[in-house]
There are 2 protein chains.
Amino acid sequence: MANISDVAKLANVSVATVSRYLNNSGYVGKKSRAQIEEAIKQLNYTPSEVARTLTTKQSDLIGLIIPDINNPFFPELARAVEDTAFRHGYTVILCNSDEDIEKEQHYIKALSKKYVAGLILTTILDQDNYSNNLSIPIVALDRPLNVNIPTVTTDNEKGAKIGTQYLIENGVSNILCISGPKSVTSTNLRLKGFFKAVEGNNVEIHMVESKHDFQTAEQLTYETLQAHPEIDGIFAFSDASAIGALKAAHRLGLKVPEQLQIVGFDGIQMGKVVTPSLTTVAQDIYKLGERATQILIEQIEGKSTNSFSEQIEPQLLIRETTKERGPL
Amino acid sequence: MANISDVAKLANVSVATVSRYLNNSGYVGKKSRAQIEEAIKQLNYTPSEVARTLTTKQSDLIGLIIPDINNPFFPELARAVEDTAFRHGYTVILCNSDEDIEKEQHYIKALSKKYVAGLILTTILDQDNYSNNLSIPIVALDRPLNVNIPTVTTDNEKGAKIGTQYLIENGVSNILCISGPKSVTSTNLRLKGFFKAVEGNNVEIHMVESKHDFQTAEQLTYETLQAHPEIDGIFAFSDASAIGALKAAHRLGLKVPEQLQIVGFDGIQMGKVVTPSLTTVAQDIYKLGERATQILIEQIEGKSTNSFSEQIEPQLLIRETTKERGPL
């Protein structure tokens with residue numbers, strides 16, 4: 001049976017617009033109106049009570065606190081949260097904590113006291129330092145908080161393991177690992193996966209810690225590659241860092257992947273756009289945002305949920321910064 | 001005389017933190033506290049009444065509505081707004097209208113009714129279709145609204161003119177212009193500048209309209225360059241589009257800048273990271289965000305302002321996607 005999303009899709013308008021149309025509340029443009037009517041006819045759609053209540057929820061806001069708006073991973077994640085929230089009649093307001101604990105605390109306090117029905121938090125705090133004394137539902141996204149708060153993350157350990165393994169299988173014997181800030185839980189899980197992959201293999205490793213930022217990673221990589229020209233592979237804990245590393249390789253005249261292979265982590269759009277395109281451990285960014293939002297909304301609406309600590313599978317995307325594996 | 005910003009800078013903490021310290025309100029970490037005390041001593045700083053009132057303003061929120069969180073220009077702009085707002089004791093909440101008029105209207109209504117002291121709007125509406133019936137201060141950023149609303153923009157016409165002129169001066173005789181959505185005022189101003197630059201010069205032009213998005217621009221450029229291999233220069237209305245065009249050139253095996261020169265618009269960080277690095281008409285992103293926020297705060301605080309319609313100068317950044325000009 002067709003639902004309101006099907007109507008919105010066929011009519012090429014948002015669910016919120018269909019909802020306004022159905023409830024005869026708020027503005028719906030002439031063209032949208034005609035498209036919705038046509039879609040309803042084609043799909044033989046009968047609005048359910050659920051759809052009818054969407055409008056009343058339109059005023060409900062969800063707060064999303066992200067740590068770094070300049071790392072493209074987070075805008076892409078925010079889009080997924082927004083899409084899902086809108087489909088359920090909620091609106092998202094965003095705050096950028098800028099990896100600053102005080103800003104984060106300030107936003108949590110400001111939003112939770114007065115503004116939002118629930119909060120999605122990609123925190124910079126490690127999980128031991130967080131105590132939940134908020135009176136509104138909260139979901140941790142990308143970075144776990146603590147055992148009492150539903151959490152949606154990628155399987156970070158597994159992701160780092162398969163990315164590193166792929167470099168080793170491709171003949172890399174001297175790896176530079178560009179990790180993220182050590183204060184973040186996901187960094188430590190990725191470190192664990194990285195070390196599991198190198199364990200027992202005859203590879204030399206170099207470690208640097210970088211913000212997930214093009215320019216910081218570029219500079220660190222440039223310096224490290226100059227000091228250690230024997231490095232033949234890089235595993236970076238974000239695509240932003242990997243793209244910075246790629247730039248450093250270009251500046252040093254190194255051929256990628258012939259002389260230096262690079263694997264990133266995240267799966268942001270930009271990885272496809274750089275040349276050569278970036279091999280990466282892709283997170284399912286859309287699913288991460290979608291599940292976090294769905295779980296939060298279930299909590300806001302008082303539906304019970306057992307969906308604590310969901311882990312989403314990462315996937316290795318093989319592109320051009322790694323050599324093609326020959327037959328084993 | 002030292003002010004609170006100097007203290008914050010020297011102590012390497014945010015102004016908000018210094019403010020909390022001075023007012024003895026809210027949490028200030030041990031380390032931050034020691035750094036602030038040291039900075040106050042070193043600078044011989046005496047807190048003024050202005051500084052003392054900062055804390056009370058901490059609860060004031062500014063709303064910032066951006067049209068496309070996935071175009072890195074807007075996150076960079078948002079950072080500038082946040083920095084400035086924080087320096088003045090305000091906090092920013094962000095909404096992503098996703099280039100959707102209905103979402104934009106929804107956010108404006110939701111925020112202005114209940115949440116924020118003022119609103120900064122990078123609207124998708126053209127200026128004729130906007131009527132201001134809000135009861136809170138509002139500033140238009142990047143895209144003008146109408147004559148009664150303070151506006152901070154880059155001189156878009158001039159920017160497009162100097163970018164296009166530079167291509168022509170570098171020997172380009174067949175230009176592809178990748179414009180932005182025609183519904184946006186800044187697009188039309190840039191078109192005007194583009195046509196002024198080509199006028200009277202013996203250059204052939206091709207026009208395509210693209211979202212400011214890597215992949216849309218890449219695909220459009222790929223198709224256009226295949227159909228018109230005689231094109232030897234591209235002027236794109238955003239760096240995101242220019243970076244997509246650069247990818248298309250790589251896919252077609254075209255050498256940049258030898259066979260194809262590219263100039264972008266915006267000056268985002270990523271332009272430095274791609275290879276070859278992007279020549280671009282840089283907007284002063286920080287200043288745009290800073291001025292819009294300052295003007296808004298003046299309005300919120302009831303200080304009179306005559307700063308209507310400020311235009312910020314663009315600047316041509318010559319990097320590697322254009323040929324070096326020889327002696328004329």
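**Close-up views of a predicted two-chain model**

**View 1. A lysine and a glutamate of chain B meet.** B:Lys303 and B:Glu301 pair in a salt bridge, with their closest N and O atoms 2.9 Å apart. This is a predicted model, so please read every view here as a computed picture. How exposed is each partner? B:Lys303 has a relative accessible area of 49%, so this lysine counts as partly exposed. B:Glu301 is also described as partly exposed, because its relative accessibility is 27%.

View 2. In general, side chains of opposite charge can pair when their charged atoms come close. Over all chains, a search of the whole structure finds 22 salt bridges.

**View 3. A salt bridge between a loop and a strand in chain A.** A:Lys182 and A:Glu209 join their side chains in a salt bridge, at 3.4 Å from N to O. The two partners come from distant parts of the chain, 27 residues apart: A:Lys182 sits in the loop between S6 and H8 of chain A, and A:Glu209 in strand S7 of chain A. A:Lys182 is partly exposed, at 42% relative accessibility. For A:Glu209 the relative accessible area is 41%, so this glutamate is partly exposed too.

**View 4. Two helices of chain B linked by their side chains.** In this view B:Lys196 and B:Glu157 form a salt bridge, and their closest N and O atoms lie 2.7 Å apart. The pair links distant parts of the chain, with B:Lys196 in helix H8 (residues 185–198) of chain B and B:Glu157 in helix H7 (residues 156–169) of chain B, 39 residues apart. B:Glu157, at 18% relative accessibility, is buried, because buried means under 20%.

View 5. Strands of a sheet pair through backbone hydrogen bonds, either parallel or antiparallel. Strand S8 (residues 233–236) and strand S9 (residues 261–266) of chain A run parallel and are joined by three bridges. Within this pairing, A:Ile234 has A:Ile262 in S9(A) as its bridge partner. S9(A) and S10(A) also run parallel, joined by four bridges. There, A:Gly264 stands opposite A:Thr280 in S10(A). The pairing of S10(A) with S12(A) is antiparallel, over three bridges. Across it, A:Ala282 has A:Gln315 in S12(A) as its bridge partner.

**View 6. The side chains of strand S10.** In a regular strand the side chains alternate between the two faces of the sheet. Along S10(A), A:Thr279 and A:Val281 point one way, while A:Thr280 and A:Ala282 point the other way, and all are buried.

**View 7. A buried aspartate without a salt bridge.** A:Asp155 is found in the loop between strand S5 (151–154) and H7 of chain A. This aspartate is buried yet has no salt bridge; A:Lys158, the nearest side chain of opposite charge, is 5.6 Å away. Which residues touch A:Asp155, leaving aside its neighbours within four places in sequence? They are A:Gln311, A:Ile312, A:Glu313 and A:Pro314.

**View 8. How the two chains are related.** A rotation of 180°, with 0.0 Å of shift along its axis, superposes chain A on chain B (RMSD 0.0 Å). That is the relation of a two-fold axis. Among the residues of chain A, A:Leu94 comes closest to the rotation axis, at 2.4 Å (C-alpha). The same surface serves both copies, as 100% of the contact residues of chain A recur in chain B.

How values were computed
Residues are numbered from 1 along each chain as its sequence is written. Chains are lettered from A and ligands numbered from 1 in the order in which they are written. This is a predicted model: local features need pLDDT of at least 70, side-chain atom pairs count only at pLDDT 80 or more; totals for chains, interfaces and linings use all residues. Side-chain values use heavy atoms; hydrogens and water are left out. Two strands pair if DSSP finds at least two bridges between them. Buried means under 20% relative accessible area, exposed over 50%, partly exposed in between (1.4 Å probe, protein chains only). Lys and Arg count as positive and Asp and Glu as negative; His and the chain ends are not counted. A salt bridge is a side-chain nitrogen of Lys or Arg within 4 Å of a carboxyl oxygen of Asp or Glu. Contact means heavy atoms within 4.5 Å. Copies are superposed by least squares on the C-alpha atoms of residues with pLDDT of at least 70 in both.
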